[in-house]
Each structure stands twice: as C-alpha cells, then as structure tokens.
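Please walk me through this structure, from its strands to its nonpolar cores.

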Amino acid sequence: MTADRAPAILFVCLGNICRSPLADGALRYAVAQSGLRWSVDSAGTGGWHAGDRPDARAIAVAARHGVDIAGLRARQVRSDDFARFDLILAMDHDNLAGLNAIAPRGHRADVRLALDLVDGRAGQAVSDPYYGDAAGFDATWRDAQAIARSVLQHFGGRG
Ligand code: 4NP
C-alpha cells in the first residue's frame with residue numbers, strides 16, 4: 001500500500017451480510033478509537049443481498065462487543081473499488097479469486113486474503129458462518145478483531 005493519504009480499506013466476502021460487515025465494523029471501531037480518519041467499507045462478490053442490513057446474528061455478536069453495525073447496508077463490489085481503495089481484503093479464497101477475476105488491468109489496489117495480515121494465519125480463510133449456528137459468529141468476530149488489529153499495526157502510522 002503506497003498511498004500518502006489516509007488509507008482506504010475494503011473488506012470483501014460473498015454476501016456482504018456476515019463476514020465483511022464484521023471486519024468492517026471491527027476496523028471502523030478500532031480506527032475511531034485510535035483517532036485515525038481512514039476510509040473503511042465492505043462489499044460482496046455477489047449481489048443477492050444488496051441493500052440488506054447485516055445478518056441479525058452478525059449485528060448481535062458485534063453489539064455484544066460494543067460495536068454497532070446495524071447501519072451498514074450490503075452492496076456488490078464494483079470495478080471502481082479497485083481505484084478507490086488502497087487495500088482490498090478478501091475473507092476467503094473464492095472471494096479472492098472473484099476479485100481477481102473482475103480486477104481492472106493495472107489497478108492500484110493491493111488485493112489479498114485478509115488473514116494473510118495476521119501472524120500465524122497466512123493462507124487461511126475466515127469461515128463462512130451463514131449456514132451455521134451462533135458459535136460460528138463468535139469465531140467470525142474473533143477473526144474480524146484479529147484482522148482489524150493487524151491492519152492497524154501494519155498501517156497505523158498513517159492518517
Ligand atoms: P457472507 O456470508 O459472505 O459472510 O456475507 C454469506 C451470506 C449469504 C450467503 C452466503 C454467505 N448466501 O448464500 O446468501
């Protein structure tokens with residue numbers, strides 16, 4: 001990531017109602033707590049849930065940790081995201097492949113797997129909790145927090 005300005009970071013999962021809104025919320029919260037002015041957003045490679053609020057189970061787990069993500073609305077990733085964002089973090093390998101498939105030639109964004117930034121988790125996916133139970137959302141929240149912490153550590157000196 002080479003921007004001089006405050007970083008712009010986009011999290012991407014499949015539906016943009018479970019994993020990426022939790023990572024988005026965790027990083028937004030950490031950024032605000034640190035007094036930084038970064039741009040943080042999330043999107044889905046799929047568009048089925050466009051306009052929807054996050055899954056109720058995602059809203060609940062974030063709320064239990066003091067983070068309000070109820071105001072987020074799902075959207076599908078767009079080609080101009082590759083120009084608007086410095087760092088695009090995919091939650092799993094399918095999302096990463098989907099991003100690479102639509103990335104405009106010569107785009108500026110650094111596109112990678114989100115857990116590649118977390119010590120000891122490189123190459124791992126954030127598991128999709130959508131078809132599971134509430135415990136899955138606790139695991140997703142823990143991953144979201146670890147990712148947010150790592151992003152702050154890597155890029156926290158800016159903006
Ligand atoms: P997400 O989870 O990609 O973490 O938002 C999913 C949400 C919806 C679906 C699949 C995964 N779906 O099939 O509708």
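Contact here means heavy atoms within 4.5 Å. The model is a predicted one.

Start with Asp24. This residue sits in helix H1, residues 19–33. Its relative accessibility is 0%, so Asp24 counts as buried. Setting aside neighbours within four places in sequence, Asp24 contacts Phe11, Val40, Asp41, Ser42 and Leu72.

Now turn to strand E3, residues 87–90. Both of its faces are covered. Leu87 and Leu89 are buried on one side, Ile88 and Ala90 on the other. E3 has parallel partners. Strand E1, residues 8–13, pairs with E3 over 4 bridges, in the parallel sense. In that pairing, Val12 stands opposite Ala90. Strand E4, residues 110–113, also runs parallel to E3 and is joined to it by 4 bridges. There, Leu87 faces Asp110.

Next come the cores. In soluble globular proteins, nonpolar side chains tend to be buried together. The largest nonpolar core here has 40 residues. Phe11, Leu22, Leu27, Trp38, Ile147 and Val151 have the most contacts inside it. E1, H1, helix H2 (56–64), E3 and helix H5 (134–155) each supply at least two residues of this core. H5 gives the largest share, 9 residues. Take Leu27 as an example. Not counting residues up to four places away in sequence, Leu27 touches Ile9, Phe11, Trp38, Val40, Ala148, Val151 and Leu152. Another core, of 14 residues, lies apart from the largest one. Its members include Val77, Ala90, Leu99 and Leu113.

Terms used:
Residues are numbered from 1 along each chain as its sequence is written. This is a predicted model: local features need pLDDT of at least 70, side-chain atom pairs count only at pLDDT 80 or more; totals for chains, interfaces and linings use all residues. Side-chain values use heavy atoms; hydrogens and water are left out. Buried means under 20% relative accessible area, exposed over 50%, partly exposed in between (1.4 Å probe, protein chains only). Two strands pair if DSSP finds at least two bridges between them. A nonpolar core is a set of buried Ala, Val, Leu, Ile, Met, Phe, Trp, Tyr and Cys residues joined through side-chain atoms within 4.5 Å.
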